[in-house]
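User: Got a model up and I'd like to go through it with you. Can you take a look?
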Amino acid sequence: MSAWRRPARALLLLGLAAALGCRIDATDTGAVRFWAMGREGEEVQQLVLEFERRHPDIHVRVQQIPWGAAHEKLLTADVGGAMPDVFQAGNTWLPELVALGALEPLDERLARWPAIDRDDYFPGIVDTNVVDGATWAVPWYVDTRVLFYRSDLLAEAGYPEPPRTWTAWTDAMLRVKERVGPERYAILLPLREWQPPVILALQRGASLLRDGARYGDFQSPPVRAAFEFYLDLFRRGLAPRAGDTALANLYQDFARGYFSLYISGPWNIGEFARRLPADLADRWTTAPLPAPGDGYPGVSLAGGASLAVSRGSDRKDAAWKLVEFLSQPAQQVRFYRLTGDLPARKAAWADEGLPRDRRAHAFWIQLQSVQSTPKIPEWERIAAKISQYAEAAIRGTMTIDQALAGLDRDVDNVLEKRRWLMRAAGR
Amino acid sequence: MGRGRINPAWGFVGPALLAIGAFFFVPVAASLLLSFTDFDVYAVARPDRLRFVALGNYARLLGEPRFWTALGNTAYFVVVGGPLSVGVSLGAALLLEAKLARWKGFFRTVFFLPVVTTLVAVAVVWRYLYHPRHGLLNLLLGLAGIHPIDWLGDPRWAMPAIILLAVWKNFGFNMVIFIAGLQSIPERLYEAARLDGASAWQQFRRVTLPMLAPTFLFVAVVTMIGYFQLFAEPYVMTQGGPANSTLSVVLLMYEEGFRWWNMGYGAAVAFVLFAIILSLTLAERGLRRLQPGAR
C-alpha cells in the first residue's frame, strides 16, 4: 500500500504546488517587480510597505539579489527577457546596460519634477547617470572615496589637521613612516585596487581616454605625473607592496598602526566604528582627498547606486512612481537610517545633520567634487588593466614608460570594437 | 534484419545520446562557432553588431603576452605539481598498504578528507597559514631560522604556494586509486620474489611498479588533464595575482568570457586549451605503446 502511496502523495503535492504557482502568478500580473541588491534589497522592503500603503493599486514584489551575482544576473535577465520593471544598479554598470538597450530614458519624466528636486542632487553623481546625452537612472545613494586616517598618529607627526595638498600629504606620510619604523607603513594602497591611481590621474586633470573614448590616453603628461606620484609612495617605502592576501584583517592592522592612512568609501565608517577596539574610537577620522596644487579638495570618484526602469517593462508608470517615492527626502532619510548608505538627496543630508557629523562631513565636502570614470561599457576591463600595469611598475618588472605604453596598447585593443561601432554609426 | 527496422539498441542508448547531444555536443559546436566571431556585450542585444572574424581570435590570442604567461604558469603547475601529486599519492598508498601500518581505515579517511572539503573553506584556512606576518608556515620557518616568505604576495612564491595547496587537496584521490592498484597485485608474486632473494627495493622495482603500470597511466592522464584545467585554486586564493604569476589558462578564459563578456575570445581560449590537452593525452598513449610488454 504505502509503496504506491508515497509517489502518489508526491504527485498530489506537485500538482498542488503547480496550481499554487499558477495562482501566485495570476494574482501577481499587476505587481511591479523590483530588484535590489544585498543589504539594500533587505532593508528596502520596509519602505516598499509604506509605498504600497500610499498606492493601494500598486503591488511591488521586491527580489533581493546578492551583490556578487547582480551584474551577471542583470545581463542574463536582459538576454532572457526576464528583466524586472525597476532595479537598483551600480552606476558604473549603466553604460553597459545602455549599450544593451535595457534601460528606459528618464529625461522626459524627470523634466516634470520641480527644479528644486532636480537640483537637490550632487552634480558629479548625476553625471554618472547621463550616458550619450540621455539620463538613464536616478541616484539612490551615493558613494565616493576619502582619506581614512589615524588622527593620533598624524597629530604626533605634526599634522593635527589633515594635509590639503600632495606636497603636504607626502610630507605627512614621510614623517609618519619615520616614526613607525621599517615594519610599518604610512598608507595602505592594495595593489589590486585601480581606484587610487585613477583618482590621482583625475586629480591631475587626465581624461584617461581620448578622441571620444576611441583610444587610451595613458602616456599623456597628467597620467604620467599621477603615476610618478603613486609609484613613488611604494619606492620610498611609504606604502607596502602588498596585495590583499597580505592583509589578514584590515581593521586589526589599522588598529595596530600597520598603516595610518587608507583611501576608502562610506561603508567603512560603520565598519571601522564596529570593528576597531574601543580605545581607538576617537583616534581615527576621515578627510577629503588632498589636491595636487590649490583647489582643495582634490576630486574623487563618483560612485553609488541608482534606480533604473527597464525599457521592456509594461508597468513603467507604476515603476516610476516607486522611483519617485524612494527619491523623496523623507524616504532617503529612512533608508540612510536602515542601511547607513549616504543619501543622494542633499535635503536628506540636511535633515539628518549629516554635513556636520564628524566623519560624514568629509564625504559631504568630497561629494561636491567628484568625477565619473569614462562612461563606456569597456571601463571595468580597462580598470583591471590599469591595476595590472600599475602592479608591474610597482614591482619593478616594467618601467613607468613601458607600463603606460603597454596600457595604451592594451586599451586600444579593448576599444577596437567601440571604434568599429562608432565608425558604423557615422560618429 | 530487414529494412525499416530499427535496431532496438537505439531505444536503450537513445535517451542518453539525446541528453549528451543536447547538453554536450550542441554547446561544444556552438562555442566552436562562437570562437570564430567577436561575440561580446555589444552583440548580446543586437546581432548586427556581431562580426565574423574567422581565426582572428586565435591569432590575437597567440599574439597576446598574457596568454603566454597563463600558458607558462599552467605548464609550471602541471610539470611540477603533477609528478609531485602522483608521487605523494603513491607514497601515501605504499605507506598505508605496508605490513606495519596500523589504523589503515582511519588514515585513509584522514588523507581523503581534503578531497571532499570545499575548496573555498580550505582556501580561507590556507590564506591564514600563508599569511606573511601572522601565518603558521612562516612561524615554523622562523623557528628553523628562515626568513619569512610572502607566499601569496611574492610572484616567485605564489605558484609554489598554489601547488602545495593543490597537492595537499588532491593527493587523496589518486592515493585511493593506487591503493586499489596495490591490492590487486597478487601476494604470490612477492612470495616468489622473496624466495628468489629479492630485497624490498627490488620487490618494489621489479614487482610493484610494473604491476602498477596501467594504474600509473590512468592516474597520470587524469591528473594531467585535471591540472591543466587549474582554476579554482588561484581563483579563490590569488585571483591570478600577484603580477599574473598564478594566472592560468582557464582563469584567463573565465575572465574574458564571464567577467568581460568576450564570449568569442573566451571560446577561442577554451579550444586552444582543448587542443593542448588532447595532443598531450594522445602523446601519453603513444608513450604507453612504446613501453616494452605493452600490446
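User: How many residue pairs are in polar contact across the interface of chain A and chain B?
Analyst: The rule finds 13, with both residues at pLDDT 80 or more. A polar contact is a pair of N or O atoms within 3.5 Å; within protein, one must be able to donate a hydrogen and the other to accept it, and residues adjacent in sequence count only if both atoms are side-chain atoms. This is a predicted model: local features need pLDDT of at least 70, side-chain atom pairs count only at pLDDT 80 or more, and totals for chains, interfaces and linings use all residues. Residues are numbered from 1 along each chain as its sequence is written, chains are lettered from A and ligands numbered from 1 in the order written, and side-chain values use heavy atoms, leaving out hydrogens and water.

User: And how many salt bridges between chain A and chain B?
Analyst: Five, counting a side-chain nitrogen of Lys or Arg within 4 Å of a carboxyl oxygen of Asp or Glu. One of them joins B:Arg133 to A:Asp253, with the closest N and O atoms 3.4 Å apart.

User: How much area do chain A and chain B bury between them?
Analyst: About 2800 Å², 54% of it on carbon and sulfur atoms. That's accessible area (1.4 Å probe) lost on being put together, summed over both parts.

User: And how many residues are in contact?
Analyst: 29 of chain A with 35 of chain B, contact being heavy atoms within 4.5 Å.

Terms used:
Buried area is the accessible area (1.4 Å probe) that two parts lose on being put together, summed over both.
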